[in-house]
Structures are given as structure tokens and as C-alpha cells.
Amino acid sequence: MSEVNDISVSAVLEPSAEPARPVRIRNARIDDYAQIAAVQTRNGLGAKNEQQWRHLWVDNPICIQRPDIAIGWVAETSAGEIVGYMGNIPSGFTFGGDEMVSGATFAMVIDPAHSAYAGFLGKRFICQKNIDIQLVTSANPNSARLVAPLYGRRVPAGDWEHSVYWITNYRGFTASAFAMKKGPHLAAFPAALAMAAKDKSLGSGFRKSALNLTLTLCSEFDSRFDAFWQELKLAYPHRLLGHRTREVLQWHFEFALKQGRVWILTTGNGSRITAYAIFYRHDNPRIGLKRVRLIDFQTADGNVGVLAPMLEWAYERCRSENIHMLEAYGFRPDKEEVIESMGPHRRQLPSWFYYYNSRNKEIVARLQDPEVWDPCHFDGDSSL
């Protein structure tokens, strides 16, 4: 039940021999929004509203600090019509005591008649000189065929080609599965009964945690998250960690919080956070799937076992709100081990989702070590 959410490249894969008319590639501007939204819409991609789109860069803490970083690039005809676009989401990282900046691809799209220029958009992204790391965090079957030859570097930690999930509403889950396969809707109910019975007979499905833990649901990112971020950096100085200050977290989840699509779960001692999990509503309206995904989990004291009761809390809330599935995948091995202990289902995804590269050979060499990675759906544009 995957969705295409990052790139429209049907024509890129089979480019025309000659461009339809002269096109130039230039840096995107905030006031390009209307034309960028138009090219996305006519190529079957959903477009954010202008306020949400502007927020990605105007309020982005890295963009405020580094106005020299491009917000993306457009392909523009001599008549001034935008016929292609690739966004660039800058983010801050800390790595071995060094502060770094990444750029992540966002919502690439190009009109089929101008597909010959798609590679030039990609080249602008790859050739950025003022970022340290290039990320592609939401590839799909089409874009992976384009990205893999350009990057050739899968993130070496986490399984980014299998969905790991628990069914929290069998009837809704099977109905969405039949909708995806365009099967008869009436068959969904007996299929749900059969799936639930099979899971019960095999002892499959969610396994509850034996760990008793006090959990707190937060409505916002408060000052405790700044203190937690400082502890996290000290605890894992050799990991590549995306910035998780209160300011960054608030920017990242600004609209999702307003829309009630984020659950922030914490545990700790008094006013101190020792671990948190962020769950994100990630539905697929096309097939009627209601889904919650674990976006991020961090613990400052190394106790990854606290993830288990957090997943149990989310599982029960999904059931109570008639959400169809809870999903959690792509994490480093110690976190994946906890996830696997909870009895999830697993299915093959249509492609590998997460790639990286850098113009700096020293950084590339360091990033080949799986131990330095702590990847998740918080990175790049996966949950924006």
C-alpha cells in the first residue's frame, strides 16, 4: 500500500530525442509557487497550499541561517513557463562534533514534453557546493531507477525496502487492500475475518510489552526538548544526527500539529525527558487507508527497550480510533530488534527508499559505516 509522493519521472525514463523548445534551469524562488503547483497538479502530484509550501523554506531554521542555499530549481521555457521542478530541503546535522548541512530532494516533477531536461535538474542538486550531504529519503519505483545510478549509495542501516506493520483494524485494512487491487468491495469483510482468524491461530499480531512505563502525551515541543537534544548529542557523539532542537521540531511538524496528525510521546524523570517517540498520521486517501507511522524514536540513556511500551500505546490508540494499521520501519538494528519483538507483519516495498551521497570523499568514507547512522522518517522530506 505504497504511494508515489516524491517524483514524477515517467517521461524521464523514456526521454524524447529532442526537447520541445529551449528551456533553462534556474534557482527556484518563493514567488514561483503558483507555476510549480500547476506543473505538479497537471502531472498527477498533490501540491501543498501556498502557506505550507512557503513554510518549508521561509521558516526553515537552516534557510534563515544560510540564505545562500537554493530552495530548489525550475526548468523554465523562453516564454517564462515553468515546466519542471525539483525542491531542495536543507536540514542541519551533527556528526562527530562537526555541524553539517544536508539537502534533500523534494517533489521533483517535469512535463513529459520537456523530459530531456530532467537530468539537468538532478545535476543542480548533485552539484551543490554549499551543502555537506545529499539525501533522497522518499524514493519510489520510478525515481529509484533514476536515483540509484546517480547516487549508488543506499543508507547502510535500516531496512528501507520492507514495510513492518501491525493491523489495528482488519476490516478497514482489507478494504483498502481490495481498493488498491480494484477488487470487489464486498469481499473485504470476509477477507478481514479470515485474516484475523489466521493471525490468531498462528499467534501472529501485536505482542504486548512486559515493561511498565509512565508515558506522557505532549501537545507541543516545549523547552525540555532543547535539554534532551543536548543530552542526545553527548550520548552519541559519533552518530549522524539530524538537529532536534525545539525550534527544528516545531518547524518540521508545524502544520501536522495544527491538524492533529502528530502524537508526541515522552517518558522521563520529573521534568527531564529520557526518551520520546513521534507518531505521524500518514494516510493513503486514494485507497481509503488510515495509517499511523512511527517517524522518530530517540533515547538519551541507551535504553531502546522503552520503545516497546510506546508502540503498545500507539497500537491501542490506533485501535480505539479505527485507524487501520501502525507502521514502523527503517530504523537502526537495535531499534529494529525491539520492533521485531512486537510481532509485526512484513511486506516488500516496491523500491529502496533512502539514498545518500556527498561531494566530500572523507564524509562518504565515514558514512559507509552502518554504526554512524540513525536513520528514520524524520530525515529529509519523508514526514514534511
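Me: Hi! Which residues does Met100 touch, not counting residues up to four places away in sequence?
Reply: Hi! This is a predicted model, and in it Met100 touches Ser91, Gly92, Phe93, Phe95, Asp132, Ile133, Ile363 and Arg366, leaving out anything up to four places away in sequence.

Me: Where is Met100 found?
Reply: Met100 is part of strand E5, which covers residues 98-110.

Me: And is Met100 buried or exposed?
Reply: Met100 is buried, since its relative accessible area is 7% and the cut-off for buried is under 20%.

Me: How far apart are the C-alpha atoms of Met100 and Leu241?
Reply: They are separated by 9.8 Å, while along the chain the two residues are 141 residues apart.

Me: Let me zoom out for a second. How many helices and strands are there in the protein chain?
Reply: The chain has 13 helices and 15 strands. It is made of 384 residues, and 55% of them count as buried.

Me: What share of the contacts with a separation of 6 or more comes from residues 24 or more positions apart?
Reply: That share is 76% for the protein chain.

Me: Back to E5. What is phi of Ala107 near?
Reply: Phi of Ala107 is near 55 degrees, which is a positive value in a residue other than glycine. Ala107 sits in strand E5, and at 9% relative accessible area Ala107 is buried.

Me: Since you brought up H11, how do the axes of H11 and H12 cross?
Reply: Their axes come within 9 Å and cross at roughly 50 degrees; H11 is residues 307-320 and H12 is residues 333-340. The two helices are therefore oblique to each other.

Me: Is that crossing left-handed or right-handed?
Reply: The crossing of H11 and H12 is right-handed.

Me: Which residues make the contact?
Reply: From H11 there are Leu307, Ala308 and Leu311, and from H12 there are Lys335, Val338 and Ile339. By type, the residues of this contact divide into five nonpolar, no polar and one charged.

Me: New topic, Trp53. Where is its place?
Reply: Trp53 belongs to helix H2, residues 50-58. Trp53 counts as buried, because its relative accessibility is 2%.

Me: What is Trp53 in contact with, leaving aside its neighbours within four places in sequence?
Reply: The contacts of Trp53 are Arg29, Ile30, Tyr33, Ile36, Lys48, Ile71, Tyr85 and Phe106, with those neighbours set aside. On the distance side, Trp53 and Ala37 are 9.5 Å apart in space, C-alpha to C-alpha, and 16 residues apart in sequence.

Me: Now Arg281. Which strand is it in?
Reply: Arg281 is in strand E11, residues 272-281. Arg281 has a relative accessible area of 24%, so Arg281 is partly exposed.

Me: Which residues is Arg281 in contact with, leaving aside neighbours within four places in sequence?
Reply: With those left aside, Arg281 is in contact with Arg261, Lys290, Arg291, Val292 and Ile323. As for Leu326, 45 residues apart from Arg281 along the chain, the separation of the two C-alpha atoms is 9.4 Å.

Me: Is Cys63 buried or exposed?
Reply: Cys63 counts as buried, because its relative accessibility is 12%.

Me: And what does Cys127 count as?
Reply: Cys127 counts as partly exposed, because its relative accessibility is 35%.

Note on methods:
Residues are numbered from 1 along each chain as its sequence is written. This is a predicted model: local features need pLDDT of at least 70, side-chain atom pairs count only at pLDDT 80 or more; totals for chains, interfaces and linings use all residues. Side-chain values use heavy atoms; hydrogens and water are left out. Axes are lines fitted to C-alpha atoms, for helices over the stretch in contact, and angles run from 0 to 180 degrees between N-to-C directions. Helices (H or I, at least four residues) and strands (E, at least two) are DSSP runs, numbered from the N terminus. Angles under 35 degrees count as roughly parallel, over 145 as roughly antiparallel, 65 to 115 as roughly perpendicular and the rest as oblique. A crossing is left-handed if the near helix is turned anticlockwise from the far one by less than a right angle, and right-handed if clockwise. Contact means heavy atoms within 4.5 Å. Ala, Val, Leu, Ile, Met, Phe, Trp, Tyr, Cys and Pro count as nonpolar, Asp, Glu, Lys and Arg as charged, and the others, Gly among them, as polar. Buried means under 20% relative accessible area, exposed over 50%, partly exposed in between (1.4 Å probe, protein chains only).
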